[in-house]
Amino acid sequence: MTRQGLSRRLMLKRTALVLGGISGSAILAACGGSQPPPKPAESSKPAAEAAKPAAPAAAAQPTAAPAAPAAAAKPTEAPAAAAKPAAGTQVVTVRDHDWIQGTPGQPNDWYDKFIGDWEKANPTIKIEREWFPRAEMHAKELALAATGQIGDTVRIDVAPKVSELQLKKVVHDLDSLWKDDKEWVDKDQKQFWTGNIRTYTREGKVWGLPVVGHPGNVQYYINRTMIEKAGLKVPPADGNWTYEDLMTISKGLTKSEGGRTTVFGYLPGLSDTTANEYIVGMLRAFGGDLFDADGKKSLLNTPESIQALKVIADLYKAGVCYPWAADIQAQRPGLFQGQKVAIMTMTSAAAASWPDQIAKLPEKFEMEVIPNPLGTTGKHATQVSSDGKGVSATTKNPAQAWTVLSRVFTSRQHGIERFSNGLGSPGSRNDVWDSDEFRQRAPKLQNIAKYLVLPPSPEMPAWHHPANGRFAEHEPILLNEFIKVTLGQLDVEKYAQDVNKQIQEILDKPLV
């Protein structure tokens, strides 16, 4: 098997054999029911990190307060010469399951180089990439696990799905793997955000680590040039503005011509694949939430949550929000860069590529990224978001799988370089967001780093999700019913009561 992983033909052949061995109903059962389309992939670009393969490491409390970030590695350091395994040393292959990112096997593919450089420095481990389209990955991982063919390391599509993978015995607890890895515990563990690690924690153990992360879909991309030209007040860098300010600015930026709106003031963070991240950020701004911390109770119908939902509904009712569209996620770059929308709620990923794209436009403008407005809590609401990776419960190579997870895919350098190469959000670590490399590559995210992410900012709460592992079941209801609110077809109170009842019914179901 080549380092680049399976060829397309071999990968499809293996997948066909796996799926052909189980009936459609078995696959569905393995998936815990139908899956909604997954959210768009997060991106970040990492650099090769020559770390020694370590033995599994010593357990530490995942909720420990982050320590001061480690000093940034020099990006200009020459790579170390390729090491050779000692005579008689066995080379172990770690099969890695993930979604397809970049262009594996093609010239200049970033992951080929990143993984290749790491393998040269760590010649006793080879990484075999078995990557699938993201929309299919979660179901395929479940099917492969059900037939005993899952890889050694597995991608967790979005953090809340870790419960389903843990309950179905797909992933291994990480505490027992890191308990003897003093180097990682002393240096790396404390860099991960406490709230994010809490999302991956069940039954007192950690079952995955975040590959990338951000404070949630609560980051406001604004067209500073358009706001200034309209004579409106630009929201401050520290995010000391309100939803009333958002409404005022959005109204002032919305333009019509010939009976139709040509420029919209605001595009909320709803996408055609998810409502959770954006809605939870809004709910928390007003003291509400979607799930309680235990994942057993829906909070959508509380007075605080309803107040937040009304704020979103009022923005749509005022005609300042770009209307719902089935392909709204794909339209976002064009709408913002084409100055058809002046303010947009997004995650961190766009901050890597959008400034460069805007600089090439015929009509350039200045973009800023600022924290979300303040709701009734008077604090910036966050929902630390991530997708992650874990070690397979059935791996025959737990020590090597842990090394690949901890030294490659969740490493500091991976978190910086994957983002820098346009593959998604930055790494979910303080020493990523507080590094000179990251500041140089993402100057537009410095307001987010300063006021939402890094100490002394308040700790970002975990991404709450159903304790019974049924996260995937709530998303279609939450999104599809809220679309009716945006179109004026459904009242906020009725939405909150009806959807709360449906979500609670999901929470009351048995474990997946």
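**Rings, charges and parallel strands**

The charged end of Arg129 sits over the ring of Trp131, with 4.3 Å between that end and the ring centre. Please keep in mind as you look around that this is a predicted model. Trp131, for its part, belongs to a cluster of linked rings. The points below take the strands, then the rings.

**Strands around β1**

- Strand β1 covers residues 92-99 and is mostly covered, with seven of its eight residues buried.
- Strand β2 (residues 125-132) runs parallel to β1, and eight bridges join the two.
- Between these strands the chain passes through helix α3 (residues 110-121), and the β-α-β crossover from β1 to β2 is right-handed.
- β1 also pairs with strand β3 (residues 153-156), again in the parallel sense, over two bridges.
- On the β3 side, His97 has Val154 as its bridge partner.

**The ring cluster and its charges**

- Five residues, Trp110, Tyr111, Phe114, Trp131 and Phe409, are linked into a cluster by ring pairs.
- Two of these rings have a charge over them: Arg129 has its charged end over Trp131, while Lys389 lies over the face of Phe409, at 4.5 Å from the ring centre.

**Aromatic pairs between helices**

- Across the whole structure, a search finds 20 aromatic pairs.
- One of them is Phe336 with Trp354, a stacked pair at 5.4 Å centre to centre and with 20° between the planes.
- This pair links distant parts of the chain: Phe336 is in helix α13 (residues 328-337) and Trp354 is in helix α14 (residues 350-359), 18 residues apart.
- Phe482 in helix α20 (residues 471-486) and Tyr495 in helix α21 (residues 492-507) are 13 residues apart, and their pair links distant parts of the chain.
- Both Phe482 and Tyr495 are buried.

Technical notes
Residues are numbered from 1 along each chain as its sequence is written. This is a predicted model: local features need pLDDT of at least 70, side-chain atom pairs count only at pLDDT 80 or more; totals for chains, interfaces and linings use all residues. Side-chain values use heavy atoms; hydrogens and water are left out. Rings of Phe, Tyr and Trp (its six-membered ring) pair if their centres lie within 6.5 Å; planes under 30 degrees apart count as stacked, over 60 as edge-to-face and the rest as tilted. Helices (H or I, at least four residues) and strands (E, at least two) are DSSP runs, numbered from the N terminus. Buried means under 20% relative accessible area, exposed over 50%, partly exposed in between (1.4 Å probe, protein chains only). A charge sits over a ring if NZ of Lys or CZ of Arg is within 6 Å of the ring centre and within 35 degrees of the ring normal. Two strands pair if DSSP finds at least two bridges between them. A crossover is right-handed if, with the strands pointing away from the viewer, the path from the first strand over the helix to the second runs clockwise.
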